[in-house]
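Hello,

Here is the structure I promised to pass on to you. Have a look at it first, and then read my notes below.

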Amino acid sequence: MECPSCGAELRVVTELYNTPHFGDVFISSVSCDCGFRHSDSFVVNVNEPVRYTIEINSNNIFAKVIRSSSGTIRVPEIGVMMEPGVASQGFITNIEGILFRFEEMVKVAKNWNYEDEEKTKKCDWI
């Protein structure tokens, strides 16, 4: 498989991961030396969509989180949300990892809007 960015050969890694509550989850990851990467996760068993809610605290910061490319994650306490889009990627991480991802997204948004004082002020919590 060729890299869509540079045309080099992609590294492909796949894994079947057994998880509580979801059952088997198929994880795939492709990457290239040029920096291109994409990953996704798919629940192998067909189940009805579900919503899980967890109150974040120091006792569960390392709880596992699985997000498919079509999943949404919301943290209303800090006013952030991760919704699916055309470039969405699935992943397995923990709550701490989710918070780090949000922190990086806010940094990027702040840099993109550096000339808009109102928007950058909203990002000052990081």
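**What I found**

K119 is partly exposed, with a relative accessible area of 44%; partly exposed is the range between buried, under 20% relative accessible area, and exposed, over 50% (1.4 Å probe, protein chains only). Its place is in helix 2, residues 117–122. Helices here are DSSP runs of H or I with at least four residues, strands are runs of E with at least two, and both are numbered from the N terminus. The C-alpha atoms of K119 and F22 are separated by 38 Å, and the two residues are 97 apart along the chain.

A word on the basis of all this: the model is predicted, so local features need pLDDT of at least 70 and side-chain atom pairs count only at pLDDT 80 or more, while totals for chains, interfaces and linings use all residues. Residues are numbered from 1 along each chain as its sequence is written, and side-chain values use heavy atoms, with hydrogens and water left out.

**The chain as a whole**

The protein chain has two helices and seven strands, and from the N terminus on their order is β-β-β-β-β-β-β-α-α. Its C-alpha atoms fill a box of roughly 45 × 40 × 25 Å along the principal axes. There are 126 residues, and 25% of them count as buried. Among contacts (heavy atoms within 4.5 Å) with a separation of 6 or more, 36% come from residues 24 or more positions apart.

The chain exposes about 9,500 Å², with 53% of it supplied by carbon and sulfur atoms; these areas come from the Shrake-Rupley method with a 1.4 Å probe, and for residues only the protein chains shown count as cover.

**The largest pocket**

How much space lies in the largest pocket? It comes to about 1,600 Å³. The elements that give two or more residues to its lining are strand 1 (11–19), strand 3 (37–43), strand 4 (64–67), strand 5 (73–75) and helix 1 (95–112). Strand 4 gives the most, with four residues. In total 39 residues line the pocket, and V50, R51, Y52, I66 and T72 lie nearest its centre.

As for the terms, a pocket is an open set of points on a 1 Å grid over the protein atoms alone, where a 1.4 Å probe fits and protein lies on both sides within 12 Å along at least five of seven lines; lining residues have an atom within 4 Å of a point. Grid points are joined across faces, edges and corners, and the volume is the space filled by probe spheres set on them.

T19 lies in strand 1. With a relative accessible area of 7%, T19 is buried. Leaving out residues up to four places away in sequence, T19 touches V25 and I66.

Q89 sits in the loop between strand 6 (80–82) and strand 7 (91–94), and is partly exposed at 26% relative accessible area. Which residues does Q89 touch, not counting those up to four places away in sequence? They are R37, H38, S39, D40, R67, S68 and S69.

L99 lies in helix 1 and is partly exposed, with a relative accessible area of 29%. Beyond residues up to four places away in sequence, L99 touches I56, I61 and I78.

Enjoy exploring!
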